[in-house]
Amino acid sequence: MSENPTLKVAILGAGLIGVDLLHKIDQSPFLDCVMVVGRDSQSVGLRQAAAMGLPTTAGGTAALLESGRHVDLVFDASNADSHAEHWRLLEPTGALVVDLTPHNSGIPAVPTVNAVEALTGRHLSLISCGGQAAVPILHTIAQHCTPEYVEVVSIGASRSAGRATRLNLDEYIATTQDSVRAFTGTPAAKVMVNVSPAAPPPFRVTMTVLAAGIDPGAVRDLVHSAARKVQAFAPGYAVTSVDATSDKVIVAVEVSSVGGRIPAYAGNLDIINAAAIHLAETRAASPLTEGAAA
């Protein structure tokens, strides 16, 4: 294995998420984007990719396969309705497929929680931006106590919600709820989303956990420890408050985009893309042997 292994990657989708993902890949020493795939040759995203000197196609996944390019990993940043067909076409190639849509068919993957286990598969789900912001905190709290009820409320700026995000809000809620249940062990979970037209705030996620036997001091320490692990790859992630009693914990986090490529308020894009890049770089640094589970 070389000292600096590089994965050949492709992006499906040239919207807000796909374009930010492209710039993050461009900054990674472990990832090399070999094609950006869209459906509209005149889209801003495809034109930006072409201006960066990257191969593009408006022919969808079929055009990627027909190009004959070797691809180790495909990021699907399109929409939930299209993902099942994308996975059907890509599964025979052996590439790792990282789904950034809320389709909920791959292995749910949260870098600080289950990266090693998830990367034994070839089809990963990044849940949602709210899931990536909330699950690291909620999973940590669930190691301290047994949640009886969990509630997650996400507020994002309407300017940072593209067409696919708006069309997929029902899937977003369902997929995030399923993952919260899975990572906390409680069936009683509720997720709400507010796309705000107000002056763009940072991406905000508030979590409420009801449980018996909470040690307020211990849970505060655990929350901040979990946040520091996320900040290692998403530096705009911050805990803004922790209110804990013996039977309730309320945690609020904000995520701001850093680096100047997208507005600071677009933390929803930044958190899921940062998670995607972190998983891909982890895979590149520790490639799996052939025959990993699908």
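Which residues have the most contacts inside the largest nonpolar core? They are F75, Y237 and V251, in a core of 74 residues. A nonpolar core is a set of buried Ala, Val, Leu, Ile, Met, Phe, Trp, Tyr and Cys residues joined through side-chain atoms within 4.5 Å; buried means under 20% relative accessible area, exposed over 50% and partly exposed in between, with a 1.4 Å probe and protein chains only.

The model is predicted: local features need pLDDT of at least 70 and side-chain atom pairs count only at pLDDT 80 or more, while totals for chains, interfaces and linings use all residues. Residues are numbered from 1 along each chain as its sequence is written, and side-chain values use heavy atoms, with hydrogens and water left out.

Helices (H or I, at least four residues) and strands (E, at least two) are DSSP runs, numbered from the N terminus. Another core, of twelve residues, lies apart from the largest one and includes V37, V74, L90 and A95.

**The sheet**

Seven strands form an open sheet with parallel pairing, in the order β3-β2-β1-β4-β5-β7-β6. Because β3 (56–57) and β6 (107–108) stand at the edges, each with a single partner strand, one side of each has no neighbour in the sheet. Strands pair if DSSP finds at least two bridges between them. Strand β2 (residues 31–37) runs parallel to β3 and is joined to it by two bridges; V36 stands opposite T56 in β3.

| Residue | In contact with |
|---|---|
| F75 | V9, A10, I11, L12, L21, I25, V98, L100, A276, I277 and A280 |
| D76 | L12, H83, H86, V98, D99, L100 and T101 |
| P201 | A157 and Y265 |

D76 is found in strand β4 (residues 73–76). Although buried, D76 has no salt bridge, and R39, the nearest side chain of opposite charge, is 8.3 Å away. A salt bridge is a side-chain nitrogen of Lys or Arg within 4 Å of a carboxyl oxygen of Asp or Glu; Lys and Arg count as positive and Asp and Glu as negative, with His and the chain ends not counted. The side chains of D76 and H83 make a polar contact at 2.7 Å. A polar contact is a pair of N or O atoms within 3.5 Å; within protein, one must be able to donate a hydrogen and the other to accept it, and residues adjacent in sequence count only if both atoms are side-chain atoms.

P201 lies in the loop between β9 (189–196) and β10 (203–210). P201 is buried, with a relative accessible area of 11%.

Technical notes: Contact = heavy atoms within 4.5 Å. Lists of a residue's contacts leave out its neighbours within four places in sequence.
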